[in-house]
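Please have the structure open as you read.

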Amino acid sequence: MEQAVPVVELRGITKRFPGIVANDNISLQLRKGEIHALLGENGAGKSTLMSILFGLYQPDEGEIYVNGSREIIDGPGKAIKLGIGMVHQHFKLVQNFTVAENIVLGIEPRRGFSINYRQAHRKVSELSEQYGLKVDPKVQIQDITVGMQQRVEILKTLYRGAEILIFDEPTAVLTVQEIHELMQILRNLAAEGKSIILITHKLKEIMEVSDRVTVIRRGRVIDTLTTSETNESELAEKMVGRRVSFQLDKEKREPGPTLLQVNHLTLRGSDKGRNVLTDVSFEIRAGEIYGLAGVDGNGQHELVDAITGLRPIESGSVVLGGVDLTRKSVRDRMSAGVAQIPEDRQKQGLVLDFKVSENMVLTTYKDSRFGRGGFIDEKAINEHASKLVGEFDVRTAGIHVPMRSLSGGNQQKAIIARELTRDPQLLIAVQPTRGLDIGAIEFVHERLLQAKNEGKAILLISYELDELYKMSDRIAVIFDGQIMGELDSEEVDDEKLGLMMSGNRLKGEGGGAA
Ligand SMILES: Nc1ncnc2c1ncn2[C@@H]1O[C@H](COP(=O)(O)OP(=O)(O)OP(=O)(O)O)[C@@H](O)[C@H]1O
């Protein structure tokens, strides 16, 4: 049978950056109406390849064909003209504009000199309906959820006539329910004839929604497989080049004395109206991982800020190893042994324009081992940075390149390396494996367990229930700034957690029933 011409064909694409070949002779075909997953380790070269297809980078070698004709894609404008749309991980929307205004921005339909918003609304509604996106064109971006904002980004590409849609890790920012809905949207798009490239680290999503999957490792294509003819283990093995164990040896051992005590913590919201945290109390013992489940936005961020000192505590207290931290500064708390793997690494954990080496000592540069009396021992810093890069397998062209040049997953590995090796008493890990490939996830999980076995207290905040089950000794649920209950990892199940996550208290914890 004769194969139809692929909508996109990449032939022998090579892209070099100083010290690294990000794409090494990559060839890939995207068929019309298919969902083609792109799987690869952190730093394998996926984003680079998609940036080339979207015209953000020029390849050093290779050719791109769109619907059979050779194209030079010298910028996003050209890509859009060719019907290629990209849904980025970090949205580019104007917060105080409406959905429709954002979608038509730059190509507004006009009547005379004025913008024809009626027409814009109508077209946005039609597109939203056609693909089952359920977006209201009249609401403002700042009033809608992250999941909805992502749909606005999808609509933006469709409004510009995209036939080929690139999704760069679209589920990393979504809740479980939103992921489910996005999968359906992807299916709808494909059913309507759109062709989709989906970058994701989540094997379950690939198995659920894709037609084919291309695996890349260290810049090269390893294989392109038909999804229905493969499985998660085979994909994992192809991706990292070795067998990956999905099991962890979580030793059952008696935890030590209480390290962290959070007592009756109450925090007011910024508008001074409602509480963002109400009477939150819990303890974490040495050698214990305390998991905190909950839908994003129920007080998790405020709780972390209150423990690390970024937000003043109005009532209640935070005590670590017997020392009251409630009125102490952020830096004093760090010295007292509080470490954090923050959720938004680009804003909180790293300075992207600083070198890798400088980022590796961002929270420890005042230590005497890195210099004394204003003198900075660069050699010691470089040695430390090189050691961490090696030990944690941070893929970088060197320790003197800016952090910005590392792939997202490798930036995350860098923070984890830095914070874990600070030897803290308390480690707060917020979504520590977000954006990491499965090999790296396995590694981070092992290191967290190691930290636990060394007697540290770990607060693990995650939206991935599987991760919480796998890692935690106890799991609590936060809802609307309150702890709904706490369960031993043995007694926990989806149903109990689900009920608590939607605002029901555990029996015996006061209030409603679960
Ligand atoms: N602008 C740049 N300058 C220098 N090096 C770069 C640049 N962009 C990417 N790289 C390097 O190219 C390699 C591939 O990076 P890329 O972002 O494509 O990986 P990725 O597969 O998308 O990774 P992740 O899953 O972690 O997002 C990495 O080693 C990265 O450090």
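Here is a short report on a sheet, its helices and a helix pair.

## About the model

This is a predicted model, in which local features need pLDDT of at least 70, side-chain atom pairs count only at pLDDT 80 or more, and totals for chains, interfaces and linings use all residues. Residues are numbered from 1 along each chain as its sequence is written.

## The sheet

Six strands form an open sheet with mixed pairing, in the order E6-E9-E10-E3-E11-E12. At the edges, pairing on one side only, are strand E6 (84-87) and strand E12 (220-226). Strands (E, at least two residues) and helices (H or I, at least four) are DSSP runs, numbered from the N terminus, and two strands pair if DSSP finds at least two bridges between them.

Strand E3 (residues 35-40) runs parallel to strand E11 (residues 212-217), paired over five bridges. Histidine 36 has arginine 212 in E11 as its bridge partner.

## Helices on the sheet

Helix H1 (residues 46-53) packs on the sheet and touches E3, E6, E9, E10 and E11. Its direction makes about 150 degrees with that of E9. Helix H8 (residues 232-240) lies across E3, E11 and E12, at about 30 degrees to E11. Angles run from 0 to 180 degrees between N-to-C directions, with axes fitted to C-alpha atoms, for helices over the stretch in contact. Contact means C-beta atoms, placed from the backbone, within 7 Å.

## A helix pair

Helix H14 (residues 408-420) and helix H15 (residues 438-453) have axes that come within 12 Å and cross at roughly 10 degrees. H14 is therefore roughly parallel to H15 (angles under 35 degrees). Gly409, Lys413, Ile416 and Leu420 of H14 meet Ala440, Val444, Arg447 and Ala451 of H15.

Notes: Two residues are in contact if their C-beta atoms, placed from the backbone, lie within 7 Å. Angles under 35 degrees count as roughly parallel, over 145 as roughly antiparallel, 65 to 115 as roughly perpendicular and the rest as oblique.
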